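User: I would like to learn how to read a ligand site and aromatic ring pairs in a model. Please take me through them.

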Amino acid sequence: MSATKSPPLPDAEPPRKLLNISRGAPSEKAVGTTAVVNSMKHIQAQAGLARGTSALLRANQKGGFDCPSCAWPDPDGERSSFEFCENGAKAIATETTKKRADADFLTRYSVAELGEMSDFVLNDAGRLTEPMLLDVASTHYQPISWETAFNLIAKELNACATPDDAIFYTSGRASNEAAFLYQLFVRQFGTNNLPDCSNMCHESSGAALNQTIGIGKGTVTLEDIEHTDCVMVIGQNPGTNHPRMLTSLEQTVLNGGKIVSVNPLLETGVKAFAHPQKISGILGQATPLQSVHVPVRLNGDLPFIKGLLKCVLEAEHARPRTIVDHTFISEHTAGYETMIADLAQVSWAEITDQSGVTESQIREAAAVFIEAKECITCWAMGLTQHHNAVETIRELVNLHLLTGKIGRPRSGLCPVRGHSNVQGDRTMGIWERPATTFLDKLDAEFDFTSPREFGYDTVEAIEAMHEGKGRVFFALGGNFLSASPDTHFTAAALRRCELTVQVSTKLNRGHLVTGKRALILPCLGRTEIDRRGDRPQFVTVENSMGVVHSSQGKLTPASDALLSEVAIVCRLAQATLCDKTATPWNKFEQNYDLIRERIERVIPGFDKFNVRIHHPGGFYLPNAVKERRWNTKTGKANFTSNPLQPLVLEPGQMLLQTFRSHDQFNTTVYGNNDRYRGITNERRVIFLNREDMAERGLKAEQPVDITSYFKGETRTAKLFLAIPYDTPKGCAAAYYPEANVLVPIHATANISRTPTSKSIVITVAAHE
Ligand SMILES: Nc1nc2c(c(=O)[nH]1)N[C@H]1C(S)=C(S)[C@@H](COP(=O)(O)OP(=O)(O)OC[C@H]3O[C@@H](n4cnc5c(=O)[nH]c(N)nc54)[C@H](O)[C@@H]3O)O[C@H]1N2
Ligand SMILES: Nc1nc2c(c(=O)[nH]1)N[C@H]1C(S)=C(S)[C@@H](COP(=O)(O)OP(=O)(O)OC[C@H]3O[C@@H](n4cnc5c(=O)[nH]c(N)nc54)[C@H](O)[C@@H]3O)O[C@H]1N2
Ligand SMILES: [Mo]
């Protein structure tokens, strides 16, 4: 093949084609039998009933595998035989599918032809089965042996002028063992360029919590949630994204607790829940969950929380020494006076104007919070993906510090994680900004000197590649192209690399938009037997509540050629580092206990790892905040001052949030429906406030184009259907990844640099 001929490039965006939409009213209750029927439909269609059911029954069981969907924890005590949810079942179905995106499939279509397929069709092609190479100027992927693939990567990596010319991404499904070895290899290679999906996810939570309470993680357990007096769910859609959380919220309510939901949308999950494993639920009887719903405007949370703080101070004034926890404040905190003084400068007019809710709505929510002796606040992407996300989360911390509702049973903070092991990956050192203490221990254990300069986060990695500074891009899982902001900018960045490599289970658009050469390295999934050395191995993961437990698949792998992620990292390290490494990669690959021994010696909290991991249900990592110890610079829990920074819109502009339908896991599209929001058979939709539609003369289901604005730049997304919806005026919503073309690469949060994909400034007009 001629190296000069450039083949046609596949489009980086999902095809701009409409399906055949039908609409109904949003659902009044979540789960129930419809969800069970739906789970079984997906399982049967993909995996077949026997293989699928056998997998489902092992999901989240002690001794089974960790569900590859979200990071919601499992009960510590007795578990039901159905510890999975509808969307977990879809994740399992998609992994255990009988379909294969094998060499036959991948050699049949050119990458340009594959690019014309929808994300649903790409994923539906099935499991990847053998390593594939897209060579320079080639139109099609071709099979390649593992050995040749590793040698090719090693050659490209070693041709880098500096190790910082290579970028190593991680998605949050990698096990602790794979993640630990991966960061070790990357640092032995000589760089801290370890961007991960967390940069786009809970980075803002980590940044806010580390500064204020000294740990970047949550401070509560499942037990705490079920027995607290109030759970505030803010900027999170548990019914779709953490469905098993509804079981816990139902328990909270049955135990007499209240749920406050703060969300521009009245999401079905928090309205009412019919437990699918209880007779009442099967009969369709639902437990109403939320007591109060506060429909804040997009990015209206900081002023809303300031309103809550004002109410707390007022109530304390009326009933002195009953609401504000003065003993806690004086013993445990710093910065109280400044915070109080700054709060006094903020007026109710600013609060209501910028939050989009009335004073009485705020007072109603505040009354529940004040009345509750104990309270837990849970949040997710609705808080983390804004320009002032870190400030907003710090303000939440202020609320809990002021009332002492932290570091004691049934009270605290709960950033609800996304990917099933995203929290564990960070614990294992997947971070572009590692702590010196961690690197020192890593160096001592493995007898090398790790680089100390911070690496690129996700957005910095894209910018670097765009400037031609990234020679090799390697991804341990995920779909960097479609998950990242500014799809076309990211595509151009990836295309400048010499080599892009992805360790994957399923085909996605990221495999089509590549560097000059590209490799797909197919790996085992969570549900599959991982036989290495003389026995089946297991891996470990950490859930949202800091519980480390084992995960062991029991199904026959999708193909004999698959390698585990651990094996891939070990072989990559050996091929690349050769005699420059003294680490026993080969032994690690044969026996994962040996990896755990090393994790124990490097990372605090893993004492007797290989013993304790066999305790049914695993073990909790230490969490100083639970004992009211604060590993912050001041040694105290820090109050902070977080000025209001409203986004100023021009006439006609609105804010757009990009969120998930009920039928996807991030960029993996399971189907084209969003049952709870009443949408069937379409993803190219934009939910709009009815008045906003009328003002623009838009009719229901009319095709529209969306333009986004940032510092004089514009971006467009064409051909979406306008859907009238109960969303606050000026607040629109569209699905990710279709809307990612609109997210400006430089629109990132202060401090955390997370893309602001929940508040994009847009206009909407009839489609041209
Ligand atoms: N089935 C399924 N499960 C998943 C995922 C999936 O795609 N599918 N993804 C996983 C991952 S990686 C993650 S991070 C989590 C994501 O879990 P979520 O954060 O629940 O995900 P989103 O769909 O982005 O929903 C954001 C929610 O916040 C609300 N919101 C948006 N902006 C604002 C705001 O400014 N203020 C407030 N108060 N609310 C706002 C939206 O209306 C929506 O209800 O889920 C995980 N679990
Ligand atoms: N606009 C917008 N953008 C967003 C978000 C948003 O709300 N709005 N959310 C952000 C968030 S919270 C996140 S976490 C990121 C997600 O970003 P990523 O984690 O990069 O994306 P995923 O879609 O979860 O990755 C899916 C791919 O992972 C691979 N995969 C699945 N299971 C495994 C496995 O076990 N091992 C390996 N090696 N590969 C596997 C499959 O090939 C699949 O195609 O996206 C972010 N992007
Ligand atoms: Mo996430």
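Analyst: What follows covers the ligand site and then the ring pairs. This is a predicted model, in which local features need pLDDT of at least 70, side-chain atom pairs count only at pLDDT 80 or more, and totals for chains, interfaces and linings use all residues. Residues are numbered from 1 along each chain as its sequence is written, chains are lettered from A and ligands numbered from 1 in the order in which they are written, and side-chain values use heavy atoms, with hydrogens and water left out.

User: How many residues surround ligand 1, and which are the closest?

Analyst: A residue is near a molecule if one of its heavy atoms lies within 4 Å of it. Here 31 residues surround ligand 1, and Glu-267, Asn-299, Asp-301, Gln-664 and Asn-666 are the closest.

User: How do the shell residues of ligand 1 divide into nonpolar, polar and charged?

Analyst: Ala, Val, Leu, Ile, Met, Phe, Trp, Tyr, Cys and Pro count as nonpolar, Asp, Glu, Lys and Arg as charged, and the others, Gly among them, as polar. In this shell, 11 residues are nonpolar, 16 polar and four charged.

User: Which atoms of ligand 1 lie 3.0 Å from polar atoms of Val-262 and Gln-657?

Analyst: A polar contact is a pair of N or O atoms within 3.5 Å; within protein, one must be able to donate a hydrogen and the other to accept it, and residues adjacent in sequence count only if both atoms are side-chain atoms. A nitrogen atom of ligand 1 is 3.0 Å from a polar backbone atom of Val-262, and an oxygen atom is 3.0 Å from an N or O atom in the side chain of Gln-657. Another entry is Asn-237, with a polar backbone atom 2.8 Å from an oxygen atom of the ligand.

User: What is the geometry of the Phe-168 and Phe-189 rings?

Analyst: Rings of Phe, Tyr and Trp (its six-membered ring) pair if their centres lie within 6.5 Å; planes under 30 degrees apart count as stacked, over 60 as edge-to-face and the rest as tilted. The structure holds 22 aromatic pairs. Phe-168 and Phe-189 have ring centres 6.0 Å apart and planes at 75 degrees, so they are edge-to-face. Ring pairs also link Phe-168, Tyr-182, Phe-185, Phe-189 and Phe-474 into a cluster.

User: Are Phe-168 and Phe-189 buried or exposed?

Analyst: Buried means under 20% relative accessible area, exposed over 50%, partly exposed in between (1.4 Å probe, protein chains only). Phe-168, at 0% relative accessibility, counts as buried, and Phe-189, at 11%, counts as buried.
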